Amino acid sequence: MENKATTLENLFENVEQYGKTSLELYKHKAIYEIASLTSTLSVRFILTMVVALVSLFFSIGIALWLGDVLDKNYYGFFIVGLGYLLLWVIILVFRKTWIRTPISNMVIKSMLQTNNRLP
């Protein structure tokens with residue numbers, strides 16, 4: 001009888017230890033995922049800011065150059081503005097195939113890889 005009691009106690013201790021270990025594993029997985037997400041978002045934010053600044057300076061430069069060519073500075077800014085309007089319309093028309101679908105696929109692929117990365 002004593003053998004069954006110690007076996008049962010060992011079983012409960014093992015189950016308790018398994019629960020604690022599983023909880024620790026989930027904590028570490030959550031920390032890893034948050035760190036990964038934070039670093040990814042930080043890098044993308046910095047790259048977006050750099051691209052935005054470069055685009056801004058190129059736009060101003062092209063607008064000033066076109067203004068010099070056309071002898072009216074504001075003509076250059078109008079032309080650059082119309083170019084951005086055209087780009088906006090094109091993106092608006094193709095937003096599903098160029099933006100929504102690739103981002104959805106990227107998120108799904110990332111989530112599937114995350115589930116297979118850690119036990």
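The stops run from the whole chain to single residues.

**Before selecting**

This is a predicted model, in which local features need pLDDT of at least 70 and side-chain atom pairs count only at pLDDT 80 or more, while totals for chains, interfaces and linings use all residues. Residues are numbered from 1 along each chain as its sequence is written, and side-chain values use heavy atoms, with hydrogens and water left out.

**The whole chain**

The order of elements from the N terminus is α-α-α. The radius of gyration is 29 Å, well over the 14 Å that the globule rule gives for 119 residues, so the chain is more spread out than a compact globule. That radius is taken over C-alpha atoms, and the rule is 2.2 Å times the number of residues to the power 0.38. Along the principal axes, the C-alpha trace spans about 105 × 25 × 15 Å.

Of the 119 residues, 7% are buried; buried means under 20% relative accessible area, exposed over 50%, and partly exposed in between (1.4 Å probe, protein chains only).

Select Ser59, which belongs to helix α1 (residues 2–70). Ser59 is buried, at a relative accessible area of 14%. Its side chain makes a polar contact of 2.2 Å with the side chain of Tyr84. A polar contact is a pair of N or O atoms within 3.5 Å; within protein, one must be able to donate a hydrogen and the other to accept it, and residues adjacent in sequence count only if both atoms are side-chain atoms.

Move to Asp71, in the loop between α1 and α2. Its phi is near 65°, a positive value in a residue other than glycine. With 66% relative accessibility, Asp71 is exposed.

**Aromatic rings**

A search of the whole structure finds 3 aromatic pairs. Rings of Phe, Tyr and Trp (its six-membered ring) pair if their centres lie within 6.5 Å; planes under 30 degrees apart count as stacked, over 60 as edge-to-face and the rest as tilted. Select Tyr74 and Phe78: the ring centres lie 6.0 Å apart with the planes at 80°, so the pair is edge-to-face. These two residues are 4 residues apart in helix α2 (residues 73–93), and are thus separated by about one helical turn. Tyr74 is partly exposed at 43% relative accessibility, whereas Phe78 is exposed, with 55% relative accessible area.

Now select Phe94 and Trp98, a stacked aromatic pair with 4.8 Å from centre to centre and 25° between the planes. Phe94 is partly exposed, its relative accessible area being 38%.

**Helix α3**

The last stop is Ser104, in helix α3 (residues 95–117). Ser104 is partly exposed, with a relative accessible area of 35%. A polar atom of its side chain lies 2.9 Å from the backbone oxygen of Arg100.
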